[in-house]
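Notebook open, model loaded. I want to go through this one piece by piece and jot down what I look up.

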Amino acid sequence: MSSLCLQRLQEERKKWRKDHPFGFFAKPTKKADGTMNLQKWQAGIPGKEGTIWHEGVYPLTIEYPDEYPSKPPKVKLPAGFYHPNVYPSGTICLSILNEEQDWRPAITLKQICLGIQDLLDTPNPNSPAQEPAWRAFSKNKAEYERKVALQAKQYAK
Amino acid sequence: MSRDSNITKIIGAENLKKLRSTKCLLIGAGGIGSELLKDLIMMEFGEIHIVDLDTIDLSNLNRQFLFRQRDIKQPKSSTAVKAVQGFNNSKLVPYEGNIMDTTQFPLHWFGSFDIIFNALDNLAARRYVNKMSQFLSIPLLESGTSGFDGYMQPIIPGETECFDCTKKETPKTFPVCTIRSTPSQPIHCIVWAKNFLFSQLFTADVSADDDSESKDWGTTDKDEIKRIKQETNELQELQKIILSGDNTLIPKILEKIFIHDIEKLLKIENLWKNRIRPTPLKDNQTVVDLNDKNLDLSIVWSIHDQIQKFSSITNKLMKRMKNEDNHIEFDKDDEDTLEFVATAANIRSQIFNIPMKSVFDIKQIAGNIIPAIATTNAIIAGLSALVSLRVLHLLNYAQISKPVELNMAFTAKASNMSHNRYLTNRTLAKPNCKCPVCQKVVRGVMQIPTNIFSTLKLNDIINILSEKYNFDTEELAILDTTGQRLLSDFDFDSLDDKTLEEIHIKAGSVLLVTDETEDDNGMGLKPLELYIDDIEMNNGTADDIKLPEIKIPLVKMTTSEEENNESSSVETAVIQTNEVISLDIDEEDNNADSKKRKLSDAASNVETKKSKTEADNVSIIEEDDIIELN
Ligand SMILES: [Zn+2]
């Protein structure tokens with residue numbers, strides 16, 4: 001990995017320490033040898049108040065490739081997460097996380113986390129990543145909301 | 001005329017004497033390395049130490065002229081030295097090993113050389129040697145070639161641009177949605193066939209689904225689990241067909257990937273709003289005979305021949321699986337695997353209205369091959385050897401008063417600069433003030449007695465450093481740069497009581513030490529990068545530790561957003577040997593735009609922005625990763 005990547009990751013940690021949105025958390029994971037792995041982080045994204053997502057804090061894993069920040073981190077929710085724009089593997093379909101779309105090296109962890117919080121309640125119906133949530137969201141809102149609320153309970157704060 | 005008198009004529013008797021006592025390090029004995037070794041010997045360098053990790057391969061012989069058929073499988077470094085003994089006046093010392101191995105090649109070993117020549121083939125080693133040259137302030141001559149292109153760059157630490165002052169290209173990646181759902185170029189289909197289909201069918205671990213009961217699916221909803229399982233299992237079904245060895249099932253494979261999967265994609269209307277809809281194969285197209293046919297690999301076959309060949313190759317590979325432990329790796333030189341990938345890619349191309357390619361063309365692309373050209377190596381090595389005389393101040397008629405007067409050289413194509421000449425040789429630039437290697441940190445060596453690694457604690461190190469450099473112990477972050485391990489910071493002190501040995505800090509470790517304190521103006525101490533070296537001692541104490549005598553300057557601590565953007569949009573002036581994938585065949589148009597798109601124009605309110613080109617992201621197939629072509 002490049003020096004640029006390492007220095008930037010350390011800066012991300014510092015920036016998060018100085019300023020992060022209320023109710024969110026994010027920190028590097030521990031390696032087997034007890035040290036912290038700056039290339040793999042864990043975060044928690046609270047659902048927005050006043051939405052069907054509000055009861056949950058949704059766990060996120062963020063993996064930074066060696067080529068970061070030229071390339072975006074890989075951000076995942078748990079496998080099987082119920083959301084129209086989340087692949088069955090948990091990978092999130094968001095343009096700011098896509099190298100060929102809106103990823104820019106300056107995008108910070110805070111922006112990513114806020115972007116995902118926002119995506120939770122405002123899915124993009126034109127960008128389906130899984131069938132069940134996408135279908136329910138476009139054709140059966142009641143069913144969709146029931147499932148989301150159920151899932152929120154599962155990840156309750 | 002003898003060699004002696006030639007070199008004397010060029011540099012003078014006085015300077016020849018100096019050259020005869022000059023000790024140089026040559027890293028790499030491959031394409032450029034063989035050439036450089038010859039050049040350096042002809043110039044009569046006093047000592048040439050040559051390092052290479054590799055053994056000689058048949059494919060090296062056409063250009064690495066020091067090697068012969070009988071040398072195959074022998075180490076490159078020692079074989080090269082043997083080959084040149086006959087015409088050699090220099091002291092030659094070969095080493096077989098990885099230049100990044102700190103036990104074999106500690107920092108002080110690098111320190112014994114007057115000049116370093118890089119003739120490497122990979123980015124990691126280039127970066128490493130660049131860093132060592134920065135630690136020691138030893139001039140480095142960096143070089144690389146790729147086909148007809150190449151570059152040579154003298155690096156004078158502290159004075160001129162270092163290797164990492166300009167951004168380096170990394171292998172191209174494709175978003176998985178393009179690969180799985182919406183290919184638009186031959187390369188997309190080749191990546192799909194090679195990295196996705198082939199690896200799933202012939203290399204995946206089938207036993208993986210056995211523990212599905214205990215697997216965490218992220219949900220307890222039974223229907224959900226069933227759905228996820230179904231999606232992940234479909235490919236395993238195909239793999240089971242392969243493993244069954246039952247060739248009557250081959251049409252099933254064709255039907256699944258070239259009819260059913262395509263029909264599924266067609267159901268997602270949104271995908272095809274702005275795209276031509278794919279056309280799945282017809283049922284009657286999947287009825288095939290399995291006889292192997294001989295076809296010309298350099299022409300594009302008909303779709304019928306592609307399907308026929310796909311089937312017969314699948315049949316062949318199915319049989320091979322039995323004898324090869326159910327595991328076959330893609331290898332461009334393994335004709336069966338190549339033809340499988342080529343035909344699968346072509347059938348998919350046909351379905352998506354993309355032009356098909358010949359097997360030969362696909363081999364170039366899938367094998368990620370850039371031919372190595374002996375002449376390019378010779379030119380670049382020659383320039384590198386020549387400029388070393390100026391770096392060492394041995395060329396009286398071309399003296400330099402400061403290092404930035406030295407020239408680098410690169411081919412026009414490598415730089416995108418000039419198209420009416422082959423080589424450009426601008427003078428060197430000053431270091432890039434945003435360079436993470438030569439500008440953003442202060443460097444030094446920390447020497448620790450060998451006997452106290454087992455007793456000295458991380459906390460002791462923190463205290464020793466803080467005392468010496470006036471750091472705030474509470475705000476100190478310590479990182480082991482090898483392995484990206486954070487050892488201690490404001491919120492993490494559980495390792496502070498561990499000894500260096502316990503946390504695997506040894507001679508050769510490089511620590512990044514940052515005091516995160518900021519004053520009201522956002523100023524703080526520049527981070528310190530410390531190379532840990534050992535002093536051979538039996539009864540040393542913490543008092544014997546030696547730290548670099550440097551004053552750490554105050555700098556602006558947090559990089560602004562604009563700076564972050566800029567630091568990675570620096571124009572690429574240098575190419576990489578063997579690492580760049582040259583996809584210009586198909587990719588140029590599409591990617592040139594996205595690459596060059598000025599990053600600064602993107603707004604800062606990215607948080608709420610979602611996919612613009614929605615259709616690009618659609619996929620109902622299980623996906624895992626961005627596929628990397630390499
Ligand atoms: Zn630099």
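Below are my entries, grouped by topic.

**Ground rules.** This is a predicted model, in which local features need pLDDT of at least 70 and side-chain atom pairs count only at pLDDT 80 or more, while totals for chains, interfaces and linings use all residues. Residues are numbered from 1 along each chain as its sequence is written, chains are lettered from A and ligands numbered from 1 in the order in which they are written, and side-chain values use heavy atoms, with hydrogens and water left out.

**Chain B overall.** I looked up the secondary structure and found 17 helices and 17 strands in chain B. Helices here are DSSP runs of H or I with at least four residues, strands are runs of E with at least two, and both are numbered from the N terminus. Of the 630 residues of chain B, 54% count as buried. Buried is under 20% relative accessible area, exposed is over 50%, and partly exposed lies in between, with a 1.4 Å probe and protein chains only. I also checked contacts (heavy atoms within 4.5 Å). Among those in chain B with a separation of 6 or more, 71% come from residues 24 or more positions apart.

**The sheet.** I traced an open sheet of eight strands in chain B, with mixed pairing and the order β3-β2-β1-β4-β5-β6-β8-β9. β3 (91-96) and β9 (423-424) of chain B are at the edges with a single partner strand each, so one side of each has no neighbour in the sheet. Two strands pair if DSSP finds at least two bridges between them. Strand β1 (residues 23-27) of chain B pairs with β2(B) in the parallel sense over five bridges, and Ile27(B) has Val51(B) as its bridge partner in β2(B). Five of the six residues of β2 (residues 47-52) of chain B are buried.

Next I looked at β5 (residues 140-146) of chain B, where seven of seven residues are buried. In a regular strand the side chains alternate between the two faces of the sheet. In β5(B), Leu140(B), Glu142(B), Gly144(B) and Ser146(B) point one way, Leu141(B), Ser143(B) and Thr145(B) the other, and all are buried. β4 (residues 115-118) of chain B pairs with β5(B) in the parallel sense over two bridges; Leu141(B) is the bridge partner of Phe117(B).

I then checked helix α3 (residues 76-84) of chain B, whose buried residues are Lys76(B), Ser77(B), Thr79(B), Ala80(B), Val81(B) and Val84(B). Their cover includes α2 (31-43), β2 and β3 of chain B.

**Cores.** Which residues touch the most other members of the largest nonpolar core? I got Leu37(B), Phe45(B) and Phe110(B), in a core of 77 residues. Such a core is a set of buried Ala, Val, Leu, Ile, Met, Phe, Trp, Tyr and Cys residues joined through side-chain atoms within 4.5 Å. Another core, of 74 residues, lies apart from it and has Trp16(A), Tyr64(A), Phe81(A) and Ile462(B) among its members.

Beyond four places in sequence, the contacts of Phe45(B) include Leu19(B), Phe117(B), Ser388(B) and Leu392(B). Leu19(B) is in helix α1 (residues 3-20) of chain B and counts as buried because its relative accessibility is 0%. Leu19(B) and Leu394(B) are 375 residues apart in sequence, yet 7.7 Å apart from C-alpha to C-alpha.

**Zinc.** What coordinates the zinc ion? I found the SG atoms of Cys162(B), Cys165(B), Cys435(B) and Cys438(B), at 2.2 to 2.3 Å. Donors are N, O and S atoms within 2.8 Å of the metal (3.2 Å for Na, K and Ca), and water is not among the atoms, so sites may look incomplete. The donor residues are spaced C-x2-C-x269-C-x2-C. The four donor atoms make angles of 99 to 121 degrees, and the site is tetrahedral, for which all angles must lie between 85 and 135 degrees. Cys162(B) and Cys165(B) are both buried.

Cys93(A) is in the loop between β4 (74-76) and α2 (109-121) of chain A. Buried or exposed? Cys93(A) counts as buried, because its relative accessibility is 5%.

Last, Arg13(A) is in helix α1 (residues 3-18) of chain A, and at 6% relative accessibility Arg13(A) counts as buried. Its contacts beyond four places in sequence include Trp41(A), Leu486(B), Asp489(B) and Phe492(B).

Notes: Tetrahedral: all angles 85-135°; square planar, octahedral: opposite > 155°, others 65-115°.
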